[in-house]
Amino acid sequence: MNVSKSEIVVLEVLWKEHPLTVGQIIERANETHDWHENTVKTLLSRMLKKKAVERYKDGKRFFYQPLITRDDIIAAEADGFLKQFFEGRMAPLVAHFAQSKKLSKQEVKEIQAILNQLEEKND
């Protein structure tokens, strides 16, 4: 699912707390972004079409809640990044980050532990 950076801001609000009304979403989103209420309404409309959020009516008010999780977004974005820049291969990605970033000894140990767990799982 392709979700824009602005849509992620709205999803962040809903992941923290849901269900919320449009007014509540606008209020919380404006804590970090100076958006007009129509901007948030447009984003919610787009996300409804994408089935990233759902809306239901309770009395006279509509409430929104997320249909996708942060992990869903991370997985989709990571897969896209991997395909676009590293031909879908993990090893060149890890090599790139290992070479371009100064990894601490602790980070190297953590990566080694993850790889050891994966190796054991695949045996």
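This briefing describes the fold, the surface and some individual residues of one protein chain.

The structure is a predicted model, in which local features need a pLDDT of at least 70 and side-chain atom pairs count only at pLDDT 80 or more, while totals for chains, interfaces and linings use all residues. Residues are numbered from 1 along each chain as its sequence is written, and side-chain values use heavy atoms, with hydrogens and water left out. The protein chain has six helices and two strands, where helices (H or I, at least four residues) and strands (E, at least two) are DSSP runs numbered from the N terminus.

**Overall shape and order**

- Read from the N terminus on, the elements of the protein chain follow the order α-α-α-β-β-α-α-α.
- The radius of gyration of the protein chain is 19 Å, whereas a compact globule of 123 residues would have a value near 14 Å; this radius is taken over C-alpha atoms, and the globule rule is 2.2 Å times the number of residues to the power 0.38.
- Taken along the principal axes, the box filled by the C-alpha atoms of the protein chain is roughly 55 × 35 × 30 Å.
- Among the contacts in the protein chain with a separation of 6 or more, 52% are between residues 24 or more positions apart, and contact here means heavy atoms within 4.5 Å.

**Surface and charge**

- Of the 123 residues in the protein chain, 24% are buried, a term that stands for under 20% relative accessible area, while exposed stands for over 50% and partly exposed for values in between (1.4 Å probe, protein chains only).
- The protein chain has an accessible surface of about 9300 Å², and 51% of this surface belongs to carbon and sulfur atoms; such areas come from the Shrake-Rupley method with a 1.4 Å probe, and for residues only the protein chains shown count as cover.

**The hairpin of β1 and β2**

- Strand β1 (residues 53-58) and strand β2 (residues 61-66) run antiparallel and are joined by six bridges, and two strands are said to pair if DSSP finds at least two bridges between them.
- The two strands form a hairpin with two residues between them, and Gly 59 in the turn has a positive phi of about 70°.
- Asp 58 has Arg 61 in β2 as its bridge partner, and Arg 55 stands opposite Tyr 64 in β2.
- Arg 61, which lies in strand β2, counts as partly exposed because its relative accessibility is 49%.
- If its neighbours within four places in sequence are left aside, Arg 61 is in contact with Thr 21 and Tyr 56; Thr 21 is 40 residues away from Arg 61 in sequence, yet their C-alpha atoms are 7.0 Å apart in space.

- Val 13 lies in helix α1 (residues 5-16) and counts as buried because its relative accessibility is 9%.
- Ala 91 is placed in helix α5 (residues 90-100) and is exposed, because its relative accessible area is 51%.
- Ala 91 and Asp 58 are 33 residues apart along the chain, and their C-alpha atoms are separated by 50 Å.

**Loops and backbone angles**

- The peptide bond from His 18 to Pro 19 is cis, with omega near 0°, and Pro 19 lies in the loop between α1 and α2 (22-29).
- Lys 51, in the loop between α3 (37-50) and β1, has a positive phi of about 65° although this residue is not a glycine.
- Lys 51 is exposed, because its relative accessible area is 60%.
- Glu 87, in the loop between α4 (70-86) and α5, is another residue other than glycine with a positive phi, here near 55°.
- Glu 87 counts as exposed because its relative accessibility is 70%.
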